[in-house]
Amino acid sequence: MNSKFTKIVRIMLGIVLVVFGSNKFLQFFPLPSADGSAGDFMDSLAATGYIFPILGVAEVFIGTMLLLKKWVAFVLLLLAPISINILLFHLFLDIPVMGMALIVATFNGILIYKHYWQQYKPLFN
């Protein structure tokens, strides 16, 4: 895989994670409100008081590490369940705004499979 391409994907993914992760704290742009089951689910998560702050910290940390190119193979593994969860949430509950979920999951998959897979191979021996 072209290293320039993977660098662009890594940087774009890092920016998306830092922006959306920090938005969970600073709320500098409103996210579209979800209706029905998606809205009920999001309200339930928000009512716990801890899910969104922890998720925000994780996203900012992962995004920062991607931008700094530190521990990339590790943070991509940390991001995998988060990106799958975001994708499944939108697939099952909120399809109309699924675009960013697809981008995050696709970029994470591209980086894991095309660039860092050799570092994960010993895990499967």
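**Helix packing and aromatic pairs**

Let me begin with two helices: α1, which covers residues 3-26, and α3, which covers residues 51-68, pack at an angle of about 155 degrees with their axes 7 Å apart. The axes are lines fitted to C-alpha atoms, for helices over the stretch in contact, and the angles run from 0 to 180 degrees between N-to-C directions. Because angles over 145 degrees count as roughly antiparallel, α1 is roughly antiparallel to α3. Helices here are DSSP runs (H or I, at least four residues), numbered from the N terminus.

Please keep in mind that this is a predicted model, in which local features need pLDDT of at least 70 and side-chain atom pairs count only at pLDDT 80 or more, whereas totals for chains, interfaces and linings use all residues. Residues are numbered from 1 along each chain as its sequence is written, and side-chain values use heavy atoms, with hydrogens and water left out.

Returning to the helices, α1 passes α3 in a left-handed crossing, a term used if the near helix is turned anticlockwise from the far one by less than a right angle. Among the α1 residues that meet α3 are Leu13, Gly14, Leu17 and Phe20, and the α3 side includes Phe52, Gly56, Val60 and Leu67; contact means heavy atoms within 4.5 Å. By class, the contact of α1 with α3 has 15 nonpolar, six polar and three charged residues, where Gly counts as polar.

Asn23 also lies in helix α1. Is Asn23 buried or exposed? With a relative accessible area of 4%, Asn23 is buried (buried means under 20%, exposed over 50% and partly exposed in between, with a 1.4 Å probe and protein chains only). Leaving aside neighbours within four places in sequence, Asn23 is in contact with Phe28, Phe29 and Leu31.

Now to the aromatic rings, where those of Phe, Tyr and Trp (its six-membered ring) pair if their centres lie within 6.5 Å, and planes under 30 degrees apart count as stacked, over 60 as edge-to-face and the rest as tilted. The count by this rule comes to seven aromatic pairs. In one of them, the ring centres of Phe20 and Phe29 are 5.5 Å apart and the planes stand at 90 degrees, so this pair is edge-to-face. Phe20 is partly exposed at 25% relative accessibility, and Phe29 is partly exposed with a relative accessible area of 25%.

Tyr113 and Trp117, by contrast, form a tilted pair, with 6.1 Å from centre to centre and 50 degrees between the planes. Tyr113 counts as exposed at 53%, while Trp117 is partly exposed at 30%. Finally, Tyr113, Trp117, Tyr120 and Phe124 form one aromatic cluster.

Methods: Parallel < 35°, antiparallel > 145°, perpendicular 65-115°, else oblique.
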